[in-house]
Amino acid sequence: MDCHELEANLTEFLEGELSPQEEKAAVEHLATCQHCETVLAETKAVVATAAEHGQEELDPQTRQRLFQSVLDSSNQ
Ligand SMILES: [Zn+2]
């Protein structure tokens, strides 16, 4: 798995929706990639903040928008 694939699967990874093989590949990539580790940590923080504000069930558009904002800021 490369950075692009991981970013494409990150929300599924966070929700445990990847297959065992995909999850293993994602974990292995994260262990070797500082960029994706940072993106993952920031995405988790954003999701946790949203949950604190009573939005435990983020709709897909909101989740994607938050995720994209993390990606945009980490790619600057
Ligand atoms: Zn990466």
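What follows is a short exchange on terms and the values behind them.

Guide: This is a predicted model, in which local features need pLDDT of at least 70 and side-chain atom pairs count only at pLDDT 80 or more, while totals for chains, interfaces and linings use all residues. Residues are numbered from 1 along each chain as its sequence is written.

Visitor: How many helices and strands does the chain have?

Guide: There are four helices and zero strands, where helices are DSSP runs of H or I with at least four residues and strands are runs of E with at least two, numbered from the N terminus.

Visitor: What span does α1 reach, and what is expected at 1.5 Å a residue?

Guide: With 12 residues, α1 reaches 15 Å from its first C-alpha to its last, close to the expected 16 Å, the expectation being 1.5 Å times one less than the number of residues.

Visitor: Which residues of α1 are buried?

Guide: They are Leu 6, Glu 7 and Leu 10, a buried residue having 20 or more other C-beta atoms within 10 Å of its own, an exposed one 12 or fewer, and a partly exposed one a count in between, with C-beta atoms placed from the backbone. Seen down the axis of α1, the buried residues fall within an arc of 100° (of the directions from the helix axis to the C-beta atoms), so they line one face of the helix. On the other side of α1, His 4 and Ala 8 are exposed.

Visitor: Which residues form the largest nonpolar core?

Guide: Its seven residues are Leu 6, Leu 10, Ala 26, Cys 36, Val 39, Phe 67 and Val 70, and the term requires buried Ala, Val, Leu, Ile, Met, Phe, Trp, Tyr or Cys residues joined through C-beta atoms within 7 Å. To this core α1 (3–14), α3 (34–52) and α4 (60–74) each supply at least two residues.
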